[in-house]
Amino acid sequence: KGKQATTPDRGKAQRDVLMQTLWDTPPHLRQADPTREAALAEALTAVVKDTHDRVKSLVRLIKCWYKYGLQAEIPNVPSVLLETVVLAAAQRKGLLSPGKQDRTAEVSLFLAALELLDEAVSDRKVVVLEAGPVWGYTRAQAESCRHAWRNDTVVVLHPIDPTCNLAAPQPRRAVDWCRLAHKSRELKRVVEGGSMWELEQQSSLAPAIRALKAA
């Protein structure tokens, strides 16, 4: 129990030290740093833990969709990238803290996440989660780091470090982003207009549904 209580404080202290160094660096000299990204892991976990339970349930669903329905065909998509897309979609739709009266929040957020994932690839939309002053940065601060990722095909920014593109190309870990965008559009079509049978039996979400039912 004590460990759980101190983790957010430790994560925030970690974030403050690492990111202050970045912000003290002149904008044109700010660059992505894999060591800094790795060191921010605990702080990033705290960001996700700090979100609403209903949003976290959608994060789990999107990750299950990828793990059971897509990973064999489209490997190497980072789990943290999927988490960030869901949180950014929730922010964009005003669903970071859905009210009890909003009974369709999960469906709305699922569709919004699929749409944002498609837009990140098809429209080259930069995905930014404005995590606020405690953990993250403003969109203006993110723009000050654009030179670090402007040549990347897909850009999903790390929620704490805007020099870090979670979709940046990695050696021997290529991602078929176009295929992922296609799968996102396809599933969104089924959720919006298909039958429940098609969703549970034929869609790319079907393997995740079966796995969750068996758990």
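This is a predicted model: local features need pLDDT of at least 70, side-chain atom pairs count only at pLDDT 80 or more; totals for chains, interfaces and linings use all residues.
Is E130 buried, partly exposed or exposed?

Residues are numbered from 1 along each chain as its sequence is written, and side-chain values use heavy atoms, with hydrogens and water left out.

**Figure 1. Helix α5 and what covers it.** Helices here are DSSP runs (H or I, at least four residues), numbered from the N terminus. Helix α5 has 14 residues and reaches 20 Å from its first C-alpha to its last, close to the 20 Å expected at 1.5 Å a residue; the expected span is 1.5 Å times one less than the number of residues. Of those 14 residues, 10 are buried, so α5 is mostly covered. Buried means under 20% relative accessible area, exposed means over 50%, and partly exposed is in between (1.4 Å probe, protein chains only). The buried residues are L81, L82, E83, T84, V85, V86, L87, A88, A89 and A90. Their cover includes α3 (41–49), α4 (53–70), α6 and α9. Just after the helix, G94 takes a positive phi of about 70 degrees.

**Figure 2. A closer look at V86 in helix α5.** V86 lies in α5 and counts as buried, because its relative accessibility is 1%. Leaving out residues up to four places away in sequence, V86 touches V55, L58, V59, I62, L109 and A113, where contact means heavy atoms within 4.5 Å. V86 and K63 are 23 residues apart in sequence, and their C-alpha atoms are 9.9 Å apart in space.

**Figure 3. Where helices α5 and α6 cross.** Start with α6 itself (residues 105–122): its 18 residues should span 26 Å at 1.5 Å a residue, and its end C-alpha atoms, 25 Å apart, agree with that. This helix is mostly covered too, with 13 of its 18 residues buried. The axes of α5 (residues 79–92) and α6 come within 8 Å and cross at roughly 115 degrees. Axes are lines fitted to C-alpha atoms, for helices over the stretch in contact, and angles run from 0 to 180 degrees between N-to-C directions. The two helices are therefore roughly perpendicular to each other; that label covers 65 to 115 degrees, while under 35 counts as roughly parallel, over 145 as roughly antiparallel and the rest as oblique. Their crossing is right-handed, meaning that the near helix is turned clockwise from the far one by less than a right angle. On the α5 side, L81, V85, V86, A88, A89, A90 and R92 take part, meeting L109, A112, A113, E115, L116, L117 and E119 of α6.

**Figure 4. E130 in the loop between α6 and α7 (132–135).** E130 sits in this loop, and here is the promised answer: E130 is partly exposed, with a relative accessible area of 33%. Its side chain reaches the backbone nitrogen of R139 at 3.4 Å. That is a polar contact: a pair of N or O atoms within 3.5 Å, where, within protein, one must be able to donate a hydrogen and the other to accept it, and residues adjacent in sequence count only if both atoms are side-chain atoms. Not counting residues up to four places away in sequence, E130 touches Q91, Y137, T138 and R139. R124 is in the loop between α6 and α7 as well, and has a positive phi of about 55 degrees although it is not a glycine.

Figure 5. N165 lies in the loop between α8 (139–143) and α9 (177–193) and is buried, with a relative accessible area of 7%. The N165 side chain reaches the backbone nitrogen of V156 at 2.9 Å, and one of its polar atoms lies 2.9 Å from the backbone nitrogen of A167. Beyond its neighbours within four places in sequence, N165 is in contact with W149, D152, V154, V155, V156 and L157.

**Figure 6. Helix α4 packing against α11.** The axes of α4 and α11 (residues 206–214) are 7 Å apart, at an angle of about 110 degrees. That makes α4 roughly perpendicular to α11. L61, C64, W65, Y68 and G69 of α4 make the contact with P207, A208, A211 and L212 of α11.
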